Amino acid sequence: MTDTITTRAAVTHQAHTGWEITELELDAPKAFEVRIKFYASGLCHSDHHITEGDAPVRMPVVGGHEGAGIVESVGEHVRRVKPGDRVVCSYIPACGTCRPCSEGHQSMCVKGLNAGTGMFLDGTFRFHKDGEDYGGFCSLGTFSQYAVVSEYAVIPLFDDIPFDLASISGCGVPTGWGSAVYAAGVRAGQTVVVFGAGGVGSNAVQGARYAGARDVIVVDPVEFKRENSKTLGATHAFADAAEAHDFVVAHTWGQLADHVILTPHIVTEEMVNAAVQMTGKGGKVTITGIGRGEAVTLPGGFLIGYQREIRGALFGDCNPTYDIPRLLRMYMEGDLKLDELITRRYTLDQVNDAYQDLVDGKNIRGVIIHEEE
């Protein structure tokens, strides 16, 4: 078994201070754990919520929860992968034996209970500096060149999938795709509205179209994202909810949308109310994005009179061990677009510039390249 190594990582110690590049000590993997050398890490908006103070996580923390690379070493009892294997990480582990996993709901695997602390199930950490423990976000920490993760969070990767494309399949792609296909349950001929056309929403658009939706209507204030959504299957795109609502009313002859899927960077009470009012009889509002902890209030009659449904979706209801390989195979067969999702690639030292580009609406998905293949 290899010993402790040194790794460069992007970390934050408190909100509103951005990401700091530093060197950390990284332990060897223990039982049921693997140490990965990351080649690429996706830049998801959820990590930005940490530095903005919207996500209540334990500090200090190593950022990043979308990553792909090569298994460097393994601890005892690891069976899923071996050293040298190419892998992609799932930000939600899938043990396969807990109650949610056994019922087909790997997105709620109980092994993911420490996502906000990065602590392992034995109560210890693997990243350290000057005697202080650092957690990895979602128990991963893919903004590090190396990380120790649970074997349940790694998925073997096809040899001909580049690491940068593979990295985003660990969160943004299945979360968006599944929000439409699984959580919402979009069916052929339906009208779907997607709020937010970033790294998650773009894949909700792809999922809705693949499921056979007649109309996929995007609502996003950023023109670049609206235009990009049309290359992924959106049939119409609007800058705000009022415009979209008027169009939906006219286009459906007053029947309204079958589904509204919320995948913005921040879900607000105003947005939820707009989504409900845009949803027709028997329709469903699926909330995938997160808020800032604010309560959502709306008249009960909005739900009862039209039998509308509101539900949340984690990981798009996807099962990582099945859906990540499935989605990557769909990409290989030309049924899913991934290249079009990555707008820019950055070095680890450019992580703060990358998130500024995200805030400025310049990226669908940015990716950190730790090392070229």
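My notes follow, topic by topic.

**Model.** I am working from a predicted model.

**Salt bridges, total.** How many salt bridges does the count come to? I get 14 salt bridges. Side chains of opposite charge can pair when their charged atoms come close.

**Glu 103 and Arg 99.** I looked up this pair first. Glu 103 and Arg 99 form a salt bridge, with 3.2 Å between the closest N and O atoms. Is Arg 99 buried or exposed? Arg 99 counts as exposed, at 65% relative accessibility. Glu 103 is partly exposed, and I noted 47% for its relative accessible area. That value lies between the cut-offs of 20% and 50%, so the label is partly exposed.

**Asp 122 and Arg 126.** I went to this pair next. A salt bridge joins the side chains of Asp 122 and Arg 126, at 3.4 Å from N to O. Arg 126 has a relative accessible area of 2%. Buried means under 20%, so Arg 126 is buried. Asp 122 is partly exposed, with 44%. Which residues are linked with Asp 122 and Arg 126 in a network of salt bridges? I found Lys 30 and Glu 33 in that network.

**Arg 214 and Asp 215.** I checked this pair last. Arg 214 and Asp 215 form a salt bridge, and their closest N and O atoms are 2.8 Å apart. Asp 215 counts as buried, at 5% relative accessibility. Arg 214 is partly exposed, with a relative accessible area of 44%.

**Barrel.** I turned to the strands. Which strands make up the closed barrel? I read the order as β1-β2-β7-β8-β4, five strands with mixed pairing. I followed one pairing in detail. Strand β2 covers residues 20-26 and strand β7 covers residues 127-129. The two pair in the antiparallel sense, over two bridges. Leu 26 has Phe 127 in β7 as its bridge partner.

**Gly 334.** Where does Gly 334 lie? I placed Gly 334 in the loop between α10 (320-332) and β17 (342-346). Its relative accessible area is 63%. Exposed means over 50%, so Gly 334 is exposed. I also took its distance to Glu 20. C-alpha to C-alpha, Gly 334 and Glu 20 are 39 Å apart in space. In sequence, 314 residues separate Gly 334 and Glu 20.

Note on methods
Residues numbered from 1 in each chain as written. Predicted model: local features only at pLDDT ≥ 70, side-chain atom pairs only at ≥ 80, totals over all residues. Heavy atoms only, no water. Salt bridge = Lys/Arg side-chain N within 4 Å of Asp/Glu carboxyl O. Buried < 20%, exposed > 50% of the residue type's maximum accessible area, 1.4 Å probe, protein only. Pairing = 2+ DSSP bridges. Helix = DSSP H or I, 4+ residues; strand = E, 2+ residues; numbered from the N terminus.
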